[in-house]
Structures are given as C-alpha cells and as structure tokens.
Amino acid sequence: MDRYARWNALLEMLTDSGRVSVEEAAERLDVSQATIRRDFDQLAQQQMITRTRGGAVANGVSYDLPLRYKTAKHSAEKQRIGAAAAALVSPGTVVGLNGGTTSTEVARALAVRPDLNTNAEGAQLTVVTNALNIANELLVRSRMKVVVAGGVVRPKSFELVGPLGGALLREVTLDVALLGVDALDPQLGAAAHHEGEAAMNNLMVARAKRVVIIADSSKLGGHAFARICPVERVETLVTDSGAAPELVDAFRAAGVAVICA
C-alpha cells in the first residue's frame, strides 16, 4: 500500500470513528507504528487531522476530502460507471462535465473513444467543464474541443466556482450534462457538500437538454448540504451493481432510468 492509499484509509477510519490510535491503525493497515506516526504527522501538517497523544482525531473536514485522497475509494465501480456513462454520448454533441473522481473516469472513457476523436466534420465532441483536472484529462489525450468555465479554483475538487464561471455557462447550451454528485435521493434529488459546486452544477442542469447523474452506490439515498436539482430533472442515473434494489426501484418510480454498470 503506497502512502496516498494509506492516507486515504486513515482518513476513512477517522470519518467512521472520529478517533484512531497509532496501534489500531498500524494493525488494520499491516504497517509499522513508526509509519503510522509519520503519516499522522504529515496529515496534521496539512490540517486534515488533529494529532493527539498516541493517535489522531478527525478535523471536521474528512467527509469532504480533497480529490487526490478519494481516488482509491470504489475505484473499480467508478471505472465501470465512467465507461457506461461515456457510452451515452453521441459524436458531435455538447457535453457538460463537472469535477470529481467519477467524472474523471467518464472523461477518461470519452478520451479513448475513436469515434469522438476525429477531425471529421460534425463528429468532434465539445466538452464544457468547470474542473481543471477534467480539462487536462481531455486535452492531453484527445482532439475534443474543451471549454473551461472561469471562476475561483476550489483546491479540494479542482473545480472552478463563483460568478465568473456562471457567466459563461449562462451563454451555452448543453446536449447532455453528466454530473457527479455527493448524494442522490429519490425524494430530495441531487446534492453536493459545497454550495459553490452545487451552484455551478445547477447552472449546467439549467442549460442541458438531458441530465445524467453518475454516482456509485454509496452516494444513493444520502444527503448533502446544497441541492443541485430535483429528481424530476434527472433523466438517467448511472450507478454500480451494488445499488440497493429498493433504491433502484424508488428512482425508477420517480421516472429516472437507472443503469447499473
């Protein structure tokens, strides 16, 4: 297990229990206590945890971890979701794509589709995104037209938020918005932890003919602080096979097409 995978695991432990001892963490991750102490010290220096005598406690930010620490969680499911969501995109369309680990997998799947990476007239895909990492994924691996919304960078997600980006989004029309979310509920709709991200995502929804939510099963039925859109605005949900059958039925009853990748 490399350092970032360990850090992710330690932050997940703290999210679950609020407090973890060096001894417990070393036993669960099968590494030395000296390694855990170094990890705790480095995470504390980044103000992600609070160091205590013999361990660490959650800093109140671990439920909204920086993107670079989220990549190991549900990675196989997110790759399948990304491939399934990318398959919904037709050549020559305009796609809105926000930030997040699942959206990154969608971008990677789009980037390797030969039919979307041609110079033939009418075949080129246009991607509108407010996430710097998504733009980078597409620019270095494809010939797509990439439009980046402006704004202030949110370091945790690499997303641009604020009125500068909103001004651009209000001037474009999207054929489909593929949106990663922090929570999706059959009654409450889609939501994000951060209000700035939710506002940008809401603008993408408003400018899109179709809205597709991409979310692994851990996000379903959950709640988050700021609403993105009501469930009635969602055409399709792409999730993984671990989604609870009762939740899948509830989304379908609400008129949402569900794809379990």
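Visitor: In which strand does Ala56 lie?
Guide: In this predicted model, Ala56 belongs to strand β3, which covers residues 55-58.

Visitor: Why is Ala56 called buried?
Guide: Buried means under 20% relative accessible area. Ala56 has a relative accessibility of 0%, and therefore counts as buried.

Visitor: Which residues does Ala56 touch, not counting residues up to four places away in sequence?
Guide: Ala56 touches Leu14, Gly18, Arg19, Val20, Phe40, Ile49, Thr50 and Arg51. Contact here means heavy atoms within 4.5 Å. As for Ala5, which is 51 residues from Ala56 along the chain, the two C-alpha atoms are separated by 17 Å.

Visitor: What does UniProt list for residues 3-58?
Guide: The unreviewed UniProt entry gives "domain: HTH deoR-type" for residues 3-58. Over that range the chain is 64% helix and 20% strand, with 19 Å between the end C-alpha atoms.

Visitor: What makes the phi of Asp30 worth a remark?
Guide: Most residues other than glycine have a negative phi. Asp30 is not a glycine, yet its phi is positive, at about 60°. Asp30 is placed in the loop between α2 (22-29) and α3 (33-45).

Visitor: How do you know whether Asp30 is buried or exposed?
Guide: Exposed means over 50% relative accessible area. The value for Asp30 is 70%, so Asp30 counts as exposed.

Visitor: What can be said of the phi of Phe158?
Guide: Phe158, also not a glycine, has a positive phi of about 65°. Phe158 lies in the loop between β7 and β8 (159-161). Its relative accessible area is 29%, and Phe158 is therefore partly exposed, a term for values between the limits of 20% and 50%.

Visitor: Which residues make the nonpolar surface patch?
Guide: Leu132, Val148 and Val153 make a nonpolar surface patch of about 200 Å². Val153 is found in strand β7, residues 152-154.

Visitor: Why is Val153 called partly exposed?
Guide: Val153 has a relative accessibility of 37%, so it counts as partly exposed.

Visitor: How does the reach of helix α4 compare with the span expected?
Guide: Helix α4, residues 75-86, has 12 residues and reaches 16 Å from its first C-alpha to its last, close to the expected 16 Å.

Visitor: Which residues of α4 are buried, and what do the buried residues pack against?
Guide: Lys78, Ile81, Gly82, Ala84, Ala85 and Ala86 are buried in α4. The buried residues of this helix pack against α5 (101-111), β9 (174-180), β12 (208-214), β14 (236-239) and β15 (257-260).

Conventions
Residues numbered from 1 in each chain as written. Predicted model: local features only at pLDDT ≥ 70, side-chain atom pairs only at ≥ 80, totals over all residues. Heavy atoms only, no water. Patch = residues over 30% accessible without salt bridge, like charges linked within 9 Å, V, L, I, M, F, W, Y side chains within 5 Å. Areas by Shrake-Rupley, 256 points an atom, 1.4 Å probe, with all protein chains shown as cover. Salt bridge = Lys/Arg side-chain N within 4 Å of Asp/Glu carboxyl O. Helix = DSSP H or I, 4+ residues; strand = E, 2+ residues; numbered from the N terminus. Buried < 20%, exposed > 50% of the residue type's maximum accessible area, 1.4 Å probe, protein only. Expected span 1.5 Å × (residues − 1). UniProt positions renumbered as here; feature names shortened; annotations may be inferred.
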